[in-house]
Amino acid sequence: MAEMTEKEADELDTYYTENTIMPDLNKPGYFARKYGMLVKLDPKTTGSVVAWAESAHKTPAQIIGELVQERIAAKAAG
């Protein structure tokens, strides 16, 4: 896949992300993420997550992942 252009890589990644509930990590094109699901945020939320991530010295994906895990734990606790 090293010979792919950035645009081709993005198109394959988008295809496999949008066309499966949880992409098969063994399929070609799903190489850009360790695990993944496409998450679309509105501009205000995106700005908040980016600011939070910068202040915490983390990536926005790490912040979103932590929020999801907290929510799952809270739901499991009942």
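Which residues in α2 meet which residues in α3? I found V49, V50, W52, A53 and A56 in α2 meeting P60, I63, I64 and L67 in α3, where contact means heavy atoms within 4.5 Å. I sorted the residues of this contact into 9 nonpolar, no polar and no charged. For that sorting, Ala, Val, Leu, Ile, Met, Phe, Trp, Tyr, Cys and Pro count as nonpolar, Asp, Glu, Lys and Arg as charged, and the others, Gly among them, as polar.

Ground rules: I am reading a predicted model, with local features needing pLDDT of at least 70 and side-chain atom pairs pLDDT 80 or more, while totals for chains, interfaces and linings use all residues. I number residues from 1 along each chain as its sequence is written, and side-chain values use heavy atoms, with hydrogens and water left out.

Elements: I listed 3 helices and 0 strands for the protein chain, in the order α-α-α from the N terminus. Helices (H or I, at least four residues) and strands (E, at least two) are DSSP runs, numbered from the N terminus.

Packing angle: I looked at helix α2 (residues 43–56) against α3, and their axes come within 8 Å and cross at roughly 100 degrees. The axes are lines fitted to C-alpha atoms, for helices over the stretch in contact, and angles run from 0 to 180 degrees between N-to-C directions. The two helices, α2 and α3, are therefore roughly perpendicular to each other, the word used for 65 to 115 degrees.

Helix length: I checked α3 (residues 60–77), whose 18 residues should span 26 Å at 1.5 Å a residue, and its end C-alpha atoms are 26 Å apart, which agrees. The expected span is 1.5 Å times one less than the number of residues. After α3 comes G78, with a positive phi near 95 degrees.

Loops: I stopped at H57, in the loop between α2 and α3. H57 is not a glycine, yet its phi is positive, about 60 degrees. Most residues other than glycine have a negative phi. H57 is exposed, with a relative accessible area of 75%; exposed means over 50%, buried under 20% and partly exposed in between (1.4 Å probe, protein chains only). I then went to V39, in the loop between α1 (6–18) and α2, which counts as partly exposed at 48%. V39 and I64 are 25 residues apart in sequence and 9.2 Å apart in space, C-alpha to C-alpha.

Whole chain: I noted that 14% of the 78 residues count as buried.

Terms used
Angles under 35 degrees count as roughly parallel, over 145 as roughly antiparallel, 65 to 115 as roughly perpendicular and the rest as oblique.
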